[in-house]
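Morning, everyone. I have one chain to show today, and I will keep to one part of it. Please have a look at it first.

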Amino acid sequence: MALVPRFVQSSPLYLSPNFICHLKPSFLLRENPEKVPKSNFTRRIGAIATMAKVLLAREAIFNVKIANGFDFKMVAPGQTLEEAESGIRGHALALLQVKALIESEAWKDMQKALRKSSSLLKQDIYTIIQSKPGSMRPQLRKLYSNLFNNVTRLDYAARDNDATQVWEYYEKIAITLDDILSRI
(Lines give C-alpha, C1' and ligand atoms only; values in the text may rest on other atoms or scores of the structure.)
Protein backbone atom coordinates (compact mmCIF):
# COMPACT_ATOMS: atom_id res chain seq x y z
CA MET A 1 0.00 0.00 0.00
CA ALA A 2 1.36 3.33 -1.01
CA LEU A 3 1.52 6.31 1.21
CA VAL A 4 -1.88 7.91 0.82
CA PRO A 5 -3.14 10.46 3.23
CA ARG A 6 -5.93 9.23 5.47
CA PHE A 7 -8.54 11.73 4.25
CA VAL A 8 -8.31 10.45 0.67
CA GLN A 9 -8.97 6.76 1.48
CA SER A 10 -12.43 5.38 0.69
CA SER A 11 -12.96 3.95 4.16
CA PRO A 12 -15.11 5.77 6.72
CA LEU A 13 -13.96 9.29 7.28
CA TYR A 14 -11.80 9.81 10.29
CA LEU A 15 -11.89 13.38 11.44
CA SER A 16 -9.96 12.78 14.59
CA PRO A 17 -9.30 9.77 16.74
CA ASN A 18 -12.41 10.46 18.82
CA PHE A 19 -14.87 11.41 16.06
CA ILE A 20 -15.91 9.00 13.34
CA CYS A 21 -18.40 9.91 10.66
CA HIS A 22 -20.38 6.98 9.26
CA LEU A 23 -22.60 7.55 6.30
CA LYS A 24 -25.87 5.66 6.13
CA PRO A 25 -26.10 3.64 2.94
CA SER A 26 -28.58 5.05 0.45
CA PHE A 27 -30.52 1.77 0.09
CA LEU A 28 -31.52 2.02 3.76
CA LEU A 29 -32.94 5.49 3.23
CA ARG A 30 -35.20 4.28 0.41
CA GLU A 31 -36.59 1.34 2.33
CA ASN A 32 -37.88 3.10 5.43
CA PRO A 33 -38.88 6.64 4.62
CA GLU A 34 -40.10 8.51 7.64
CA LYS A 35 -43.84 8.38 7.70
CA VAL A 36 -45.72 11.62 8.15
CA PRO A 37 -48.62 11.12 10.51
CA LYS A 38 -51.85 11.41 8.58
CA SER A 39 -54.15 14.12 9.80
CA ASN A 40 -57.91 14.23 9.65
CA PHE A 41 -57.65 17.94 8.87
CA THR A 42 -58.22 18.34 5.15
CA ARG A 43 -58.31 21.36 2.91
CA ARG A 44 -62.10 21.21 2.77
CA ILE A 45 -62.44 21.29 6.55
CA GLY A 46 -59.91 24.13 6.74
CA ALA A 47 -61.82 26.14 4.14
CA ILE A 48 -65.12 25.57 5.97
CA ALA A 49 -63.58 26.64 9.29
CA THR A 50 -62.14 29.79 7.72
CA MET A 51 -65.44 30.74 6.10
CA ALA A 52 -67.26 30.18 9.39
CA LYS A 53 -64.86 32.55 11.16
CA VAL A 54 -65.32 35.19 8.47
CA LEU A 55 -69.10 34.97 8.62
CA LEU A 56 -69.19 35.13 12.41
CA ALA A 57 -66.81 38.07 12.45
CA ARG A 58 -68.96 39.83 9.86
CA GLU A 59 -72.05 39.42 12.05
CA ALA A 60 -70.16 40.73 15.08
CA ILE A 61 -68.83 43.76 13.25
CA PHE A 62 -72.05 44.74 11.54
CA ASN A 63 -74.35 43.93 14.44
CA VAL A 64 -76.28 47.07 15.34
CA LYS A 65 -75.74 46.76 19.08
CA ILE A 66 -71.98 46.31 18.73
CA ALA A 67 -71.63 48.83 15.91
CA ASN A 68 -73.23 51.57 18.01
CA GLY A 69 -70.33 51.25 20.41
CA PHE A 70 -68.13 52.88 17.78
CA ASP A 71 -69.29 56.35 16.82
CA PHE A 72 -67.17 57.67 13.98
CA LYS A 73 -69.58 60.36 12.81
CA MET A 74 -69.10 64.06 13.40
CA VAL A 75 -72.80 64.84 13.24
CA ALA A 76 -74.97 63.33 15.91
CA PRO A 77 -77.23 60.69 14.40
CA GLY A 78 -80.59 62.19 13.70
CA GLN A 79 -79.57 65.67 14.83
CA THR A 80 -81.53 68.27 12.93
CA LEU A 81 -80.62 71.87 12.31
CA GLU A 82 -83.23 73.02 14.84
CA GLU A 83 -81.80 70.77 17.54
CA ALA A 84 -78.28 72.03 16.83
CA GLU A 85 -79.39 75.68 16.91
CA SER A 86 -81.30 75.20 20.17
CA GLY A 87 -78.41 73.37 21.84
CA ILE A 88 -75.52 75.51 20.67
CA ARG A 89 -76.07 78.33 23.20
CA GLY A 90 -76.18 75.92 26.14
CA HIS A 91 -73.11 74.02 24.99
CA ALA A 92 -71.22 77.27 24.37
CA LEU A 93 -72.15 78.44 27.86
CA ALA A 94 -70.96 75.11 29.30
CA LEU A 95 -67.65 75.57 27.50
CA LEU A 96 -67.23 79.04 28.98
CA GLN A 97 -68.15 77.82 32.47
CA VAL A 98 -64.81 76.06 32.78
CA LYS A 99 -63.57 79.49 33.89
CA ALA A 100 -64.52 78.67 37.49
CA LEU A 101 -62.45 75.49 37.34
CA ILE A 102 -59.53 77.42 35.84
CA GLU A 103 -59.69 79.95 38.68
CA SER A 104 -59.60 77.16 41.27
CA GLU A 105 -56.84 75.43 39.28
CA ALA A 106 -58.70 72.11 39.32
CA TRP A 107 -56.94 70.98 36.16
CA LYS A 108 -58.27 67.42 35.89
CA ASP A 109 -61.88 68.50 36.47
CA MET A 110 -61.43 71.36 34.04
CA GLN A 111 -60.13 68.98 31.37
CA LYS A 112 -63.10 66.64 31.82
CA ALA A 113 -65.63 69.46 31.61
CA LEU A 114 -63.81 71.00 28.65
CA ARG A 115 -63.79 67.75 26.70
CA LYS A 116 -67.45 67.03 27.36
CA SER A 117 -68.77 70.47 26.48
CA SER A 118 -66.48 70.92 23.48
CA SER A 119 -67.52 67.62 21.90
CA LEU A 120 -71.21 68.55 22.11
CA LEU A 121 -70.51 72.04 20.81
CA LYS A 122 -68.44 70.62 17.96
CA GLN A 123 -71.38 68.51 16.78
CA ASP A 124 -73.75 71.48 16.92
CA ILE A 125 -71.45 73.86 15.05
CA TYR A 126 -70.63 71.25 12.40
CA THR A 127 -74.34 70.59 11.77
CA ILE A 128 -75.03 74.30 11.45
CA ILE A 129 -72.06 74.88 9.11
CA GLN A 130 -73.28 72.08 6.84
CA SER A 131 -76.68 73.76 6.53
CA LYS A 132 -75.27 77.18 5.59
CA PRO A 133 -74.85 78.30 1.97
CA GLY A 134 -71.53 77.56 0.30
CA SER A 135 -70.35 81.19 0.38
CA MET A 136 -70.46 81.33 4.19
CA ARG A 137 -68.88 77.96 4.88
CA PRO A 138 -65.17 78.80 4.42
CA GLN A 139 -65.31 81.60 7.00
CA LEU A 140 -67.23 79.46 9.47
CA ARG A 141 -64.89 76.50 8.94
CA LYS A 142 -61.89 78.69 9.66
CA LEU A 143 -63.47 79.94 12.88
CA TYR A 144 -64.48 76.37 13.75
CA SER A 145 -60.90 75.22 13.23
CA ASN A 146 -59.46 78.09 15.30
CA LEU A 147 -61.93 77.44 18.12
CA PHE A 148 -61.22 73.76 18.49
CA ASN A 149 -57.46 74.13 17.97
CA ASN A 150 -57.51 76.53 20.92
CA VAL A 151 -59.61 74.06 22.92
CA THR A 152 -56.95 71.41 22.28
CA ARG A 153 -54.18 73.81 23.25
CA LEU A 154 -56.08 74.71 26.42
CA ASP A 155 -56.35 71.03 27.26
CA TYR A 156 -52.59 70.56 26.78
CA ALA A 157 -51.79 73.66 28.83
CA ALA A 158 -54.00 72.36 31.66
CA ARG A 159 -52.22 69.01 31.49
CA ASP A 160 -48.90 70.86 31.92
CA ASN A 161 -50.37 73.00 34.77
CA ASP A 162 -49.36 76.18 32.92
CA ALA A 163 -51.78 78.81 34.25
CA THR A 164 -50.63 81.67 31.99
CA GLN A 165 -51.18 79.68 28.79
CA VAL A 166 -54.48 78.32 30.10
CA TRP A 167 -55.79 81.88 30.52
CA GLU A 168 -54.42 82.92 27.13
CA TYR A 169 -56.19 80.08 25.32
CA TYR A 170 -59.38 80.58 27.33
CA GLU A 171 -59.54 84.21 26.18
CA LYS A 172 -58.98 83.15 22.56
CA ILE A 173 -61.76 80.58 22.88
CA ALA A 174 -64.16 83.17 24.29
CA ILE A 175 -63.42 85.64 21.46
CA THR A 176 -63.72 83.02 18.72
CA LEU A 177 -66.90 81.60 20.21
CA ASP A 178 -68.51 85.06 20.30
CA ASP A 179 -67.51 85.56 16.66
CA ILE A 180 -69.03 82.22 15.60
CA LEU A 181 -72.26 82.82 17.50
CA SER A 182 -72.64 86.27 15.97
CA ARG A 183 -72.27 84.85 12.44
CA ILE A 184 -74.62 81.93 12.98
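Predicted model: local features only at pLDDT ≥ 70, side-chain atom pairs only at ≥ 80, totals over all residues.

Residues are numbered from 1 along each chain as its sequence is written, and side-chain values use heavy atoms, with hydrogens and water left out.

The chain has eight helices and two strands. Those are DSSP runs, numbered from the N terminus: helices are H or I with at least four residues, and strands are E with at least two. In sequence order the pattern is β-β-α-α-α-α-α-α-α-α. Of the 184 residues, 23% are buried, and buried means under 20% relative accessible area with a 1.4 Å probe, protein chains only, exposed is over 50%, and partly exposed lies in between.

Now helix α6, residues 107–131.

Which residues of α6 are buried? Among them are Trp107, Met110, Leu114, Leu121 and Ile125. The buried residues of α6 pack against α4, α5, α7 and α8.

Take α4 as the partner. The axes of α4 and α6 come within 8 Å and cross at roughly 145 degrees; axes are lines fitted to C-alpha atoms, for helices over the stretch in contact, and angles run from 0 to 180 degrees between N-to-C directions. The residues in this contact divide into 11 nonpolar, six polar and two charged. Here Ala, Val, Leu, Ile, Met, Phe, Trp, Tyr, Cys and Pro count as nonpolar, Asp, Glu, Lys and Arg as charged, and the others, Gly among them, as polar.

Next, the core. A nonpolar core is a set of buried Ala, Val, Leu, Ile, Met, Phe, Trp, Tyr and Cys residues joined through side-chain atoms within 4.5 Å. The largest one has 29 residues, of which Met110, Leu121, Ile125 and Leu147 touch the most other members. Its largest share, nine residues, comes from α7.

Leu121 itself touches Ile88, His91, Ala92, Leu95, Leu147, Phe148 and Leu177, leaving aside residues up to four places away in sequence. Contact means heavy atoms within 4.5 Å.

Last, Met136 sits in the loop between α6 and α7.
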